[in-house]
Amino acid sequence: MSSAPTTTYVMPAPGSRGPDIAFKWVAVFAAAMIVVLIVLVGWELYSGSRLAIAKYGPGFLWSSEWDPVLEKFGALPFIFGTLVSSLISLLIAVPLGVATALFLTELAPLKVRQPIIIAIEMLAAVPSVIFGLWGVFILIPWLRDSLFLWLKKSLGFLPLFQGPIYGVSMLAAGIIIAIMILPIVTSISREILRSVPNLQREAAYALGATRWEVLKIAVLSYARRGLFGAAVLGLGRALGETMAVTMVIGNRPQISASLFAPGYTLASVVANEFTEATTDLYLSALFEIGLVLFAVAILVNAAAQVMLKSMTGSGPIKVN
Amino acid sequence: MAMTESPYLPTPQFARWRKVKSSAVTGVLVVCAFAVIAPLFLVLYFLLSKGFSSLDWNFFTQLPKPTGEVGGGMANAIVGTMVLLAMATVFGVPFGIFGGIYLAEYGSDRANNWIRFAADVLNGVPSIVWGMVVYLILVVPFKGFSAYAGGVALGLMMVPLVMRTTEEVLILVPQSYREAALALGVARWKMIVVIVVRTALKGIATGVIVALARIAGETAPLLFTALGNTFWSHNLKEPISALPLQIFAYGLSPYDDWHRQAWAGALVLMALIIVLNVTVRILSRDRSQTD
Amino acid sequence: MSTLPEAPAGHKVSESLKAAPGPARAAEAGLPADAEEVAFDINNFSLWYGQRQALQDVTIRIPARKVTAIIGPSGCGKSTFLRALNRMHELTPGTRLEGSLRHFGEDLYGPGVEAVAIRRRVGMVFQKSNPFPTMSIAENVLVGLRLNGVRDKKVLQSRLEESLHMAALWNEVKDVLNRPGTSLSGGQQQRLCIARSLAVQPQTLLMDEPCSALDPLATAKIEELIQTLRERYTVVIVTHNMQQAARCSDRTAFFYLGRLIEFGNTRNIFTSPSNPQTEAYVSGRFG
């Protein structure tokens, strides 16, 4: 009698057809909003950057001039800065995160595991701007006066560690991003490692393998793809970090071989210069930068989700 | 054939080397674990040592003083953060909850997979992008920065989070509850609201608080929507101050007094986030005991 | 009988030796009792998981180079017992044990005795085959040797062939040794796992219900394989399939509720068991 969908074959209450349908469509609308939002964001960014796209074309992506006065805009320094700072953060955070995940799943007794897990969750809760504040007043002075000097002294033959030391630098940004992505890399890695069947570990133990050998041949090799997905997820997170990076990277649109040199990322330049953008073209160039950032972040995150889903089977891993 | 002693037994030195390698790796893993949590303690320590002494009555009740003058407080920023969080809840939570209801009660498997995938992708959108989009939608057409714009930006960020947590909690409600309600002749929408959602209410609330804790510290989306304000905002159409914005502005300024206040503001913000997180923990623990 | 009898002492084993043994072992019929070498000499062995006692006062002498089957209803402790023989139970936290367990004279739980060394001499094949998915067939077989530092390519190659021959798998995989270990069928994977265990030349091979996940054809192949292993290895196999125990083994041990009820020649256990509970189990009245 009624076309309203029900899970059991029971007649719906009289007079409820209207409200039922209305309720359902509100729910459908809300869910559809998610997909709409992605399209909306992409569209708005695109329309905001139309001016700049028309003026600079694809050359925008590999031009390294950023001169608001002369109205010459190119995104290369920011793409470089985003990539380099993210890469540094991955080099630091992935080994540390996977090692910690191994510690938590394979080695640590329950009493040690719980507090560490809580500490990592707390670390994830610290907002970017507080990391930035801490970075400016605590981390940077220490880097400038200790670690960077030591690096320059011992590894100064590499162009990476040459040049003047200001404190604010690409390396400082990489370090602080690493701290911020450690929680997600660690917790996803933990889930991946937990999904390795015990039978694999037992097979290795039964052959007389030591604990490290069991981890190497039975756990880490099995979990390779998933751990890679965790790293890509960390990359996705690293790409979008704005506030802490802005406060420690130096905000200079230059491309340099030295890790001590100040840099600039896609997110930082938007954060810094958006409200200062005096002309339409300037603002549009910033929108185009935002569009590039959005596109890259979406692709990387989607790739990570696909990788993780293939490892753990069921639904995508919740990321929050 | 008798069992001959295997020639492939490792030499005692090699066996010892394997053991040493295994212990060394164990040591490295332990060090890594503690290296990972060290930054938390470093940050908390400095927040407390640099910020606590500035938390006085003035800080909580006064407005920022003009540039360069010493003193003043962040009263408007604290209130502003609360206002923005409230608005974000109003804008974002209904969409999130209804989206979760769709996933749990109506959606087909295929549609759900896509929607969940989209939600996870949306979670990965850099927060500054949200600011740029809301700028185009709410700031430009209305010719001004406003608390509304800031609230909407934060609210949009909450939607995927709340949707996923709501779905997870609704799925846990046993199917028999739904069938019992329907068998009584209750309308489907009522069944969902009164039975299912009511049962899962604590879990939904927990999910909302988790999302709030996430966006409470967000600065980037507010930079060009709410903009910040050194005075009280008289209505929501005006720019409004917020703790993260104030911390950012003061932190980058050249004034020592403002640096001091930035630390204090950061401490207050962190305390707020910790309170929200602890609330979540308490709520979750109760839930796991009654289930 | 309302009370459980004590675990059989050593004399029961020698008694069954004098009786006619199972298939194709005429050579042993004349051997005096104490000439039979003992693989596992276990006395008053008990094991607890936390508060729960899983094994109670087990005393048994498992003979070398014979197949010993362990049977009993689920939950009787047979898998627990098997895993104690190569210290695999140590992977579960909270286990505690008492009593002595010697393998070819060596105290497995003595001070300074390392589990890693034990497990090289006492190998294990599991209920569900578990080849390492990121390794090829050849790599799977050789992983134990490589871990122990064997690098000589000739030695590795000869061990690879030998082990796969012994596991009756060589002909089926000799041309595809580089395929991943998981690309084989279930029965083949289990034989691969057996080859992997054999490659390190253990003295004893433990098998925990190795055929329970396999179809009858694959099961028959593995039972055939067990027969060929008998001359060189001591095999202890846990099985819930009594016909399998009767077919494959020389000695059978019946466990119930964590205790060893009876241990003797397989033929005796199945045709004329001494203990009424054994009789009840093997005639299918429970379990």
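A residue is called buried if 20 or more other C-beta atoms lie within 10 Å of its own. By this criterion, the buried residues of helix H11 of chain B are Leu243(B), Pro244(B), Leu245(B), Gln246(B), Ile247(B), Phe248(B), Tyr250(B) and Gly251(B). Helix H11, residues 243–252 of chain B, is thus mostly covered, with eight of its ten residues buried. The model treated here is predicted.

**Exercise 1. Confidence**

Task: State the scores of the model and locate the elements of chain C with the lowest and the highest mean pLDDT.

Solution. Step 1: The model has an ipTM of 0.89 and a pTM of 0.83. Step 2: For chain C the mean pLDDT is 84, with 87% of the residues at 70 or more. Step 3: Among the elements of this chain, the lowest mean, 35, belongs to helix H1 (residues 10–18), and the highest, 95, to strand S8(C). Step 4: Over residues 1–33 of chain C, pLDDT stays under 50; the model has 35 contacts beyond four places in sequence for this stretch. Step 5: Where pLDDT is low, predicted coordinates should not be read in detail.

**Exercise 2. The sheet of chain C**

Task: Determine the strand order of the six-stranded open sheet in chain C and name its edge strands.

Solution. Step 1: The order is S6-S7-S8-S3-S9-S10, and the pairing is mixed. Step 2: Strand S6 (122–125) and strand S10 (259–265) each pair on one side only and are the edge strands. Step 3: From one strand to the next, the twist averages 20°. Step 4: Helix H7 (residues 186–199) of chain C lies across S6 and S7 of that chain, and runs at about 170° to S6(C).

**Exercise 3. Strand S8 and its partners**

Task: Describe how S8(C) is paired with S7 and with S3, and decide whether S8(C) is enclosed or open to the outside.

Solution. Step 1: Strand S7 (residues 204–208) and strand S8 (residues 234–238) of chain C pair in the parallel sense over five bridges. In S8(C), Leu206(C) has Val236(C) as its bridge partner, and Met207(C) has Ile237(C). Step 2: Strand S3 (residues 67–71) of chain C is joined to S8(C) by four bridges, and these two strands also run parallel. Here Ala69(C) has Ile237(C) as its bridge partner. Step 3: In a regular strand the side chains alternate between the two faces of the sheet. In S8(C), one side carries Thr234(C), Val236(C) and Val238(C), the other Val235(C) and Ile237(C), and all of these are buried. Step 4: Because five of its five residues are buried, S8(C) is largely enclosed by the rest of the structure.

**Exercise 4. The fold and core of chain A**

Task: Summarise the elements of chain A and identify the residues that touch the most other members of the largest nonpolar core.

Solution. Step 1: Chain A contains ten helices and two strands, which follow the pattern α-β-β-α-α-α-α-α-α-α-α-α along the sequence. Step 2: Its C-alpha trace spans about 75 × 65 × 35 Å along the principal axes. Of its 320 residues, 52% count as buried. Step 3: The largest nonpolar core has 278 residues, of which Ala172(A), Ile176(A) and Val248(A) touch the most other members. Helix H5 (residues 170–194) of chain A gives the most to this core, namely 17 residues. Step 4: Not counting residues up to four places away in sequence, the residues touched by Val248(A) include Val136(A), Ile140(A), Ala172(A) and Ile176(A).

**Exercise 5. A residue of helix H1 in chain B**

Task: Is Leu47(B) buried or exposed?

Solution. Step 1: Leu47(B) is part of helix H1 of chain B. Step 2: It has 22 C-beta neighbours inside 10 Å and therefore counts as buried. Step 3: Apart from neighbours within four places in sequence, Leu47(B) is in contact with Trp263(B), Ala266(B), Leu267(B) and Met270(B). Step 4: Its C-alpha atom is separated by 9.3 Å from that of Val268(B), 221 residues away along the chain.

**Exercise 6. Contacts with chain A**

Task: Describe the residues that chains B and C bring to their contacts with chain A.

Solution. Step 1: The contact between chains B and A takes 81 residues from chain B and 80 from chain A. Helix H1 (residues 12–51) of chain B supplies the largest share of the chain B side, 18 residues. By class, this side has 57 nonpolar, 13 polar and eleven charged residues. Step 2: In the other contact, 19 residues of chain C meet 16 residues of chain A. The largest share of the chain C side, four residues, comes from H3(C). This side has eleven nonpolar, five polar and three charged residues.

Definitions and conventions
Residues numbered from 1 in each chain as written. Chains lettered and ligands numbered in written order. Pairing = 2+ DSSP bridges. Axes fitted to C-alpha atoms, helices over the stretch in contact; angles between N-to-C directions. Contact = placed C-beta atoms within 7 Å. Buried ≥ 20, exposed ≤ 12 C-beta atoms within 10 Å, placed from the backbone. Core = buried A, V, L, I, M, F, W, Y, C linked by C-beta atoms within 7 Å. Nonpolar A, V, L, I, M, F, W, Y, C, P; charged D, E, K, R; others polar. pLDDT = per-residue confidence, 0-100.
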